[in-house]
Amino acid sequence: MLTELQRAKFVKHFNIRDTDDDGYVTQEDYRKFSENIAKLLEWDPDHQKRVQIDAIHAGVWQFFWEPADHDQDGRVSLEDHLAMMDMMIEHSKDPQVLEQSRKHSEVLFNTFDFNGSGEISAKEYRQFFSAAGVTTEWTDMVFEKLDINGNGKISLDEFVLLHQQFFSSNDPESPGNWFYGPIA
Ligand SMILES: [Ca+2]
Ligand SMILES: [Ca+2]
Ligand SMILES: [Ca+2]
């Protein structure tokens, strides 16, 4: 059973990935995100970073969303997602699952590091949510919490830890809880 905190986080994550707000996460949502970020950063369709992000998204779909898509109609409902997360939480301490999600986070880092500097800036963090079609007035405040060592950037190590906290922590004090925005 998911706790209230976990549920609130996963609803948040779901809504952020449902770029077109139709109540389902689909590959179309990722395509739309990619289009939005390209527009925001003025990338050509064959821009190297865009090609990389699209390839990562294809993997994320396969690894993370497709297994939740019970009836295999290509769309994941909130209910499907929460059921999947419940199962993942149950296994979150298995060494194999830990290793897999670490690898997953390392790859995902690149979908925030738009300029390829090896770090995520507050600006990139804001751009991500802007491309995801959500309001961004909270991002600077949250970024400060996420920047654990306070150097103004999110490093890969910080990102991996934050993501791990987001997906499995049940401690209300974990900064990673805030990764996909303030939890109502
Ligand atoms: Ca959608
Ligand atoms: Ca960067
Ligand atoms: Ca930092």
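In this predicted model, helices α6 and α7 pack with their axes 10 Å apart and at an angle of about 125°. Axes here are lines fitted to C-alpha atoms, for helices over the stretch in contact, and angles run from 0 to 180 degrees between N-to-C directions. The angle makes α6 oblique to α7: under 35 degrees counts as roughly parallel, over 145 as roughly antiparallel, 65 to 115 as roughly perpendicular, and the rest as oblique. On the α6 side sit Ala122, Tyr125, Arg126 and Phe129, and they meet Thr139, Asp140 and Phe143 of α7. Contact means C-beta atoms, placed from the backbone, within 7 Å. Sorted by type, the residues of this contact come out as four nonpolar, one polar and two charged (Ala, Val, Leu, Ile, Met, Phe, Trp, Tyr, Cys and Pro count as nonpolar, Asp, Glu, Lys and Arg as charged, and the others, Gly among them, as polar). Helices (H or I, at least four residues) and strands (E, at least two) are DSSP runs, numbered from the N terminus.

As for numbering, residues count from 1 along each chain as its sequence is written, while chains are lettered from A and ligands numbered from 1 in the order in which they are written. Since the model is predicted, local features need pLDDT of at least 70 and side-chain atom pairs count only at pLDDT 80 or more, whereas totals for chains, interfaces and linings use all residues.

Gln6, Arg7, Phe10, Val11 and Phe14 of α1 make the contact with Leu78, His81, Leu82, Met85 and Ile89 of α4. That set divides into seven nonpolar, two polar and one charged. Also in α4 is Ala83, which lies 7.8 Å from Ala68, C-alpha to C-alpha, although 15 residues separate them in sequence. Ala83 counts as partly exposed, with 14 C-beta neighbours inside 10 Å (20 or more other C-beta atoms within 10 Å would be buried, 12 or fewer exposed, with C-beta atoms placed from the backbone).

Then there are the cores, meaning sets of buried Ala, Val, Leu, Ile, Met, Phe, Trp, Tyr and Cys residues joined through C-beta atoms within 7 Å. The largest nonpolar core has 22 residues, and the members touching the most others are Phe33, Ala131, Leu146, Phe159, Leu162, Phe166 and Phe179. At least two residues of this core come from each of α2 (27–41), α6 (122–131), α7 (139–146) and α8 (156–168), with α8 giving the most, five. Leaving out residues up to four places away in sequence, Ala131 touches Phe33, Asn36, Ile37 and Leu40. Another core lies apart from this one; its seven residues include Phe10, Phe14, Val25 and Trp65.

Most residues other than glycine have a negative phi. Glu42, in the loop between α2 and α3 (48–65), has a positive phi near 55°. Gln72, in the loop between α3 and β2 (75–77), has a positive phi of about 50°. Glu42 counts as exposed, with 7 C-beta neighbours inside 10 Å, and Gln72 also counts as exposed, with 7.

Notes
Two residues are in contact if their C-beta atoms, placed from the backbone, lie within 7 Å.
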